[in-house]
Amino acid sequence: MQGSLVEQQLGCLRRWMVSVIGEVCPSDLCELFDDSHCLVQLVEELDTGRVFPRLSHRSKEENIANFAAVIELMGSKGLAMNASVQGVVARDVGCLLQILWAVVELLVCIPQFSRYDGRDWREGAKKWANNVAKIYGMQSARVENFSTSFKDGVVLLVLVAAAWPEAHVDVESTMRQGHQECIELALSLAEQKFHIPDLVSPQEIMEGIHPSCMLLYLACMHGGFAA
């Protein structure tokens, strides 16, 4: 896994976790290998349907047991992942990322987007975004994937403009200013009106954002727009 993409994902996940549970989240998510207090709080905050078993973090043994319980649950839910307890013990960052993204998928993305496609929530996310753009009258702003489709910022700006018509966003004029201007305006308005945390940066989006980071940001947008 490329180092820059690893750092991008860790940064995105930490900023999201801080937005959910506050600064109890460590500055370095690799500290979760030694103390999963942050993971326990995250699950307790988001797991309103009580899908997860009860987790504890009083000892190192319970810390490993927490990861084992999450891995087992994800397997029972049919979520594909190669993470293992051995990976946790070995402090494998790729394993940690898989576990955290699985939590995001189960507790955030599936609840947000499965209503648009019950078989594949990722397709549901596409259908939601593309339908918003169609209704807005900007069918050219189409999501084909969760990385390059967002490089010019138009999809993000259309989503925000459609959710906040009172802002009178001039999408076409902003498009002529450039990709960075589109992205910066979209992220700024999303935070200002809907309190969407800055999980991703304009530079990351323009250079090719990791799809999981973009999907999490879209899930936050969808939830924020509906609040």
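Let's sort residues into classes before we start: Ala, Val, Leu, Ile, Met, Phe, Trp, Tyr, Cys and Pro count as nonpolar, Asp, Glu, Lys and Arg as charged, and the others, Gly among them, as polar. The model is predicted, so local features need pLDDT of at least 70 and side-chain atom pairs count only at pLDDT 80 or more, while totals for chains, interfaces and linings use all residues. Residues are numbered from 1 along each chain as its sequence is written, and side-chain values use heavy atoms, leaving out hydrogens and water.

**Exercise 1.** Work out how α5 and α11 pack.

*Solution.*
- Step 1: find the helices, which are DSSP runs (H or I, at least four residues) numbered from the N terminus. Helix α5 covers residues 93–113 and helix α11 covers residues 211–226.
- Step 2: take the axes, lines fitted to C-alpha atoms over the stretch in contact, with angles from 0 to 180 degrees between N-to-C directions. The angle is about 40 degrees, and the axes are 10 Å apart.
- Step 3: name the arrangement. That angle makes α5 oblique to α11 (under 35 degrees counts as roughly parallel, over 145 as roughly antiparallel, 65 to 115 as roughly perpendicular and the rest as oblique).
- Step 4: look at the contact (heavy atoms within 4.5 Å). Among the residues that meet there are W101, V104 and V108 in α5 and S212, L215 and H222 in α11. The contact residues divide into 10 nonpolar, four polar and no charged.

**Exercise 2.** Now do the packing of α6 with α11.

*Solution.*
- Step 1: the angle is about 60 degrees, with the axes 11 Å apart.
- Step 2: α6 and α11 are therefore oblique to each other.
- Step 3: W121, R122, A125 and W128 in α6 meet L215, L218, M221, H222 and F225 in α11. By class, that's seven nonpolar, one polar and one charged.

**Exercise 3.** Describe the second largest pocket.

*Solution.*
- Step 1: a pocket is an open set of points on a 1 Å grid over the protein atoms alone where a 1.4 Å probe fits, with protein on both sides within 12 Å along at least five of seven lines; lining residues have an atom within 4 Å of a point.
- Step 2: the volume (space filled by probe spheres set on the points, which are joined across faces, edges and corners) is about 300 Å³.
- Step 3: of the 14 lining residues, W101, A102, E105, R122 and S212 are closest to the centre.
- Step 4: α5, α6 (121–136) and α11 each supply at least two lining residues, and α5 gives the most, with six.
- Step 5: by class, the lining has nine nonpolar, three polar and two charged residues.
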